[in-house]
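Subject: The structure you asked for

Hi there,

Here is the structure, with the sequence alongside. Have a look at it first, and then read on for what turned up.

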Amino acid sequence: MKKRIETEVIHSGYSSDQHHGALAPPIYPTSTFVFPNAETGEQRFAGEEEGYIYSRLGNPTVKMLEDRIAVLEGGEKGLAFGSGMAAVSAVLLGLTKSDDHILCSQGVYGCTFGLLQMMEEKYRIEHDLISMTDPEVIEAHIQPNTKVLFIETPINPTMTLVDLEMIGKIAEKHNVTVVVDNTFSTPYLQRPLEFGCHIVIHSATKYIGGHGDVVAGLVVSDAETIKFLASTTQKDIGGIMSPFDAWLLLRGLKTLPIRMDRHCDNASYIFEKLKAHPMVESIAYPGDPQFRDYMIANKQMDRPGGLISFTLKGDKKDAQNFLNTMKMIKIAVSLGDAETLIQHPATMTHAVVGEEARAKMGISDTLVRLSIGLEAKEDIWADIEQGLKAYKNSDMTETV
Ligand SMILES: *Cc1c(COP(=O)(O)O)cnc(C)c1O
């Protein structure tokens, strides 16, 4: 019987009776696996017998995590990587060849953008970056050689959403593979495969790990696609996950639902406070009924998540001053950790994008992004509030 996600994050993929009764999953830090005889080795290499060969091709601790994330996303199989970008590159390079085309949502993660550029320059795999709002515009950009629709939703840091059901329908009509970077939502809030998308990718570094202590990536899809990726771009490029990291993620996943609920509760409280504050100009938060993409959020996300971006009154220096006034909140990129983190996209995560492209994407010099943590919501707000009072009157960079 299918169990609820709160149960599956704890139990799926692991059975203690196969591991001497160990309640917590064991770590198998082994590079290779001993065959009982030569014939077994032959059969395993031929794929005629189940069993481990060498840890780049599969490891028991990593397999537990792959099985668990597959259940959570509602897919058949999972595949683990050493980083989110190892996962993204294995998927995109696996699905395409020279003269193919990738259609991608505008504003994707900076390194995904970099990868697409490299693929075009070095391997002649083309791409277009477009706003994925209007189905007619999307269809007009699908070419005979378009193999992949790559989307992120919500998109960092503008929190723009893409309608997964609409994308799933377009993809079916044109026979293209839809890849969704689901890092911001996690399977607790959004399961893209339910909407007809084909491959889900996570930077497990973020909410899935949840404690800021591991860099990792995950992919979920149907068995055939995962088998293909495992035996090509994962095996031969080799961006695999270590058993230790898999163990950290198995541990992190157990608390994903309670952590996400707390992130969401805190974010909703902070949003209300920001909305009422005179120094805040605009807010991007999928839980805001006035937010442009609120209806899409309502349709495909169970809750609005833990990220909020907002613009301050002032200029770039004022925004930097605001970051410098933080006492508890940490100035750092990344997201999904226990600690509330703040960053300035124009000079940090999106500095490489260039001023013109940033303006097109709606990333102004006064935009700041918060990854709301698990602290008491009153303490998070107290820090933000004192910063909003102080940032205009202080030039913190000169005093430190
Ligand atoms: C962080 C991130 C990535 C890259 O993941 P790494 O684990 O840092 O390699 C990809 N997509 C999104 C949306 C991210 O936030």
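A quick definition to begin with: a residue is called buried when its relative accessible area is under 20%, exposed when that area is over 50%, and partly exposed in between. Please also keep in mind that this is a predicted model.

As background, most residues other than glycine have a negative phi, and most peptide bonds are trans. Now to the exceptions.

His20 is not a glycine, yet its phi is positive, at about 60°. You will find His20 in the loop between α1 (5–11) and α2 (38–45). Is His20 buried or exposed? Its relative accessibility is 86%, which is over the 50% cut-off, so His20 counts as exposed.

Thr186 also has a positive phi without being a glycine, here about 65°. Thr186 belongs to helix α8, which covers residues 186–189. With a relative accessibility of 0%, which is under the 20% cut-off, Thr186 counts as buried.

**Two cis peptide bonds**

Pro154 sits in the loop that runs between β4 (146–152) and α7 (164–174). A cis bond also joins Asn156 and Pro157, and its omega is about -10°. Pro157 is likewise found in the loop between β4 and α7.

**The protein as a whole**

Stepping back, the protein has 16 helices and twelve strands. Its radius of gyration is 22 Å, close to the 21 Å that the globule rule gives for 400 residues, so the protein is as compact as a globular protein of that length. Along the principal axes, the C-alpha atoms fill a box of roughly 75 × 50 × 40 Å.

How many of the 400 residues count as buried? The share is 51%. Looking at contacts between residues at least 6 apart in sequence, 72% of them join residues that are at least 24 apart.

As for the surface, the accessible area of the protein comes to about 18000 Å², and carbon and sulfur atoms account for 52% of that. The protein carries 38 positive and 53 negative charges, and the mean positions of these two sets are 3 Å apart.

Best wishes

How values were computed. Residues numbered from 1 in each chain as written. Predicted model: local features only at pLDDT ≥ 70, side-chain atom pairs only at ≥ 80, totals over all residues. Heavy atoms only, no water. Helix = DSSP H or I, 4+ residues; strand = E, 2+ residues; numbered from the N terminus. Rg over C-alpha atoms; globule rule 2.2 N^0.38 Å. Buried < 20%, exposed > 50% of the residue type's maximum accessible area, 1.4 Å probe, protein only. Contact = heavy atoms within 4.5 Å. Areas by Shrake-Rupley, 256 points an atom, 1.4 Å probe, with all protein chains shown as cover. Lys, Arg positive; Asp, Glu negative; His and termini not counted. Charge placed at Lys NZ, Arg CZ, Asp CG, Glu CD.
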